[in-house]
There are 2 protein chains.
Amino acid sequence: MKKLINDPENVLAEALVGIEAAHPELRVDHANRLIYRATPKAMGKVALISGGGSGHEPLHGGFVGLGMLDAAAAGEIFTSPTPDQLLEATKAVDQGAGVLHIVKNYTGDVMNFEMGAELAAAESGVLVESVVTNDDVAVEDSTWTAGRRGVGVTVLLEKIVGAAAEEGRDLASVAALARRINESGRSMGMALTSGTVPSAGKPTFDLPDDQMEMGVGIHGEPGRHRVPLAPASEIAEQLLEPVLADLDFTTGPTIVMLNGLGGTPLIELYLMYGEVAKLLEKAGVRVARTLVGNYITSLDMAGCSVTVLNADDELLALWDAPVNTPGLRWRA
Amino acid sequence: MKKLINDPENVLAEALVGIEAAHPELRVDHANRLIYRATPKAMGKVALISGGGSGHEPLHGGFVGLGMLDAAAAGEIFTSPTPDQLLEATKAVDQGAGVLHIVKNYTGDVMNFEMGAELAAAESGVLVESVVTNDDVAVEDSTWTAGRRGVGVTVLLEKIVGAAAEEGRDLASVAALARRINESGRSMGMALTSGTVPSAGKPTFDLPDDQMEMGVGIHGEPGRHRVPLAPASEIAEQLLEPVLADLDFTTGPTIVMLNGLGGTPLIELYLMYGEVAKLLEKAGVRVARTLVGNYITSLDMAGCSVTVLNADDELLALWDAPVNTPGLRWRA
């Protein structure tokens, strides 16, 4: 295992030290492994929390800041955050208007967010709504999931719903918007290589030199099937076909993300996006906004995922609203 | 070789298709492999061009946009752009106030930028000034370089000088500022693994599982020495020691970049930055601004580099000025 780490058991704690040093606009609670905005949002606005296992950076800690999350709870690598972390974060960010939990559909995450919400309600009367993302069309159930896994749509949802919360919308509206976005998006990923969990010390799975894993999960969970290595144009087809078959994306504008899984360089991601864009055009899908880069990763896994989201004027306006986080940053 | 590509000989051309599709704010000249702002800057302002071999993305094409470059010339992977590309770009971006060429110190780049500048002057009377960056303290001469190599400072320079050009400063001032920045910064990099050039089909160099290359170049050129794999804390020391020995960084604020080389995930880069920040504090270096991420890469190489730049109030204000490019984007 070749990694820029010290003790394999201490990677998350030490990465949080670096995040704090690099980002004075964030505040890190090291004891609870929580990342907050240094300056909380105004009283009366709905707050957003997400979190999950680490190893997917910039998701979620890199999406804390103006226009996106108020806090992120970091579990150990590929391990759910605890109910106590979520309780602590929920109480801390509530500005009197309630808190939205954004949860990727993995059994441990769903359970622990639920417990955190119940504890926060019981202890402090904080109103909590939750949205569980489940956009991955690859498999119906998986190693750590009943039902579809939550992946790339989570990034787009955090951006769009973050903007809505910043506008001052109430908790019910923010939660309804979040659920609508989850229902409007689909994703599919693939791996050329496995990532390596530091504490395991070896790749999560073996993948022969001439094969790739289609439909891989962001923890290296098995996907649909292993197939022979193929050119980018065929990979794009294999990723998009199940996405486009699952939902009609030809009825209005879309937002598309071509996401790298951590070990794939940007030049390959752009090349892949070129293939994806061609296929979407051929399929009658109009792309209004695009993200290409590493947004929801799986440690050093080489590979990519595609997310397509049905949008409308409202969603595009919220997408375009200012955002200022380490992982996504732009002005209107 | 496992890569998201089609024909190994066609990677650059196809990546440019994806860049164009993903970024309506850019314009791509496919015949000349040039990336421009879709909306040129105002007449009377100095224009900035950079370029070099591809495989270092987002450098340079990802730094075209408001507040940074006006155009980037993309050579084939690890291959200098041609004089004709630089001639074409220089003529195209000149808004009557002249053009600054930002050139990393590699023999082919320096020669071809020089020829491009001469041709542009002869053909159209465009005023061209050049700055050659040479911030890499690792080695004095290298495979493709007489003198030190130009690396990470190039990113910081493009940002700061881009802001100065946007303010309307004249060509002599912009060029002087660029040279001052180059003289004020130092870098050093290291590799855990080699990248793989698609047309070569195998890693550029062999590096045993228990060794790393200190002082590696961004094309995989040999560095100072190979040493046993070490914890991140020791790697940070080995990177910073020669940087801090080469220039005094304790006289004022600094800008620090912890840069990934393409195959290293963000969680490791943040962990490394935590180590770097601790050492800088111990050495009496005050860090005023930080960048952590993949900015000047070497295909899928795993590893990182550190850049430290002496700044002052003027440089910090220019650093903070708005920038809107695919690779760097923020508002004041």
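Into which domains is chain A divided? In this predicted model, chain A is divided into domain 1 (12-183) and domain 2 (185-310), with bounds that come from an automatic or database domain assignment.

This is a predicted model in which local features need pLDDT of at least 70 and side-chain atom pairs count only at pLDDT 80 or more, while totals for chains, interfaces and linings use all residues. Residues are numbered from 1 along each chain as its sequence is written, chains are lettered from A and ligands numbered from 1 in the order in which they are written, and side-chain values use heavy atoms, with hydrogens and water left out.

**View 1. The two domains of chain A and the contact between them.** The centres of domain 1 of chain A and domain 2 of chain A, taken over C-alpha atoms, are separated by 23 Å. To their contact (heavy atoms within 4.5 Å), domain 1 of chain A gives 30 residues and domain 2 of chain A gives 30 residues. The area buried between these two domains is about 2400 Å², and carbon and sulfur atoms give 65% of that area; buried area is the accessible area (1.4 Å probe) that two parts lose on being put together, summed over both. Of the area that domain 1 of chain A buries against domain 2 of chain A, 23% is supplied by Phe78(A), Val137(A) and Leu156(A), more than by any other three residues.

View 2. Between domain 1 of chain A and domain 2 of chain A the count is 1 salt bridge, the term standing for a side-chain nitrogen of Lys or Arg within 4 Å of a carboxyl oxygen of Asp or Glu. Arg148(A) forms a salt bridge with Asp246(A), and their closest N and O atoms are 2.8 Å apart. On the side of domain 1 of chain A that touches domain 2 of chain A, α4 (153-166) and α5 (171-183) of chain A each supply at least two residues, and the largest share, 4 residues, comes from α4(A); helices (H or I, at least four residues) and strands (E, at least two) are DSSP runs, numbered from the N terminus.

View 3. Thr254(A) has its place in strand β10 (residues 253-260) of chain A. With a relative accessible area of 0%, Thr254(A) is buried, a word used for residues under 20% relative accessible area (1.4 Å probe, protein chains only). The side chain of Thr254(A) reaches the backbone oxygen of Arg286(A) at 2.8 Å. Not counting residues up to four places away in sequence, Thr254(A) touches several residues, among them Phe249(A), Val285(A), Val287(A), Val308(A) and Leu309(A).

**View 4. The interface of chain B and chain A.** In this interface, 60 residues of chain B are in contact with 59 residues of chain A. Lys2(B), Leu4(B) and Ile267(B) supply 21% of the area that chain B buries against chain A, more than any other three residues. Chain B and chain A bury about 4600 Å² between them, with 67% of it on carbon and sulfur atoms.

View 5. The rule finds 2 salt bridges across the interface of chain B and chain A. Glu268(A) forms a salt bridge with Lys3(B), the closest N and O atoms lying 3.3 Å apart. Several elements of chain B, including α1 (11-22), α6 (232-246) and α7 (266-282), each supply at least two residues of the side of chain B that touches chain A, and α7(B) gives the largest share of that side, 10 residues.

Terms used: Buried means under 20% relative accessible area, exposed over 50%, partly exposed in between (1.4 Å probe, protein chains only). A polar contact is a pair of N or O atoms within 3.5 Å; within protein, one must be able to donate a hydrogen and the other to accept it, and residues adjacent in sequence count only if both atoms are side-chain atoms.
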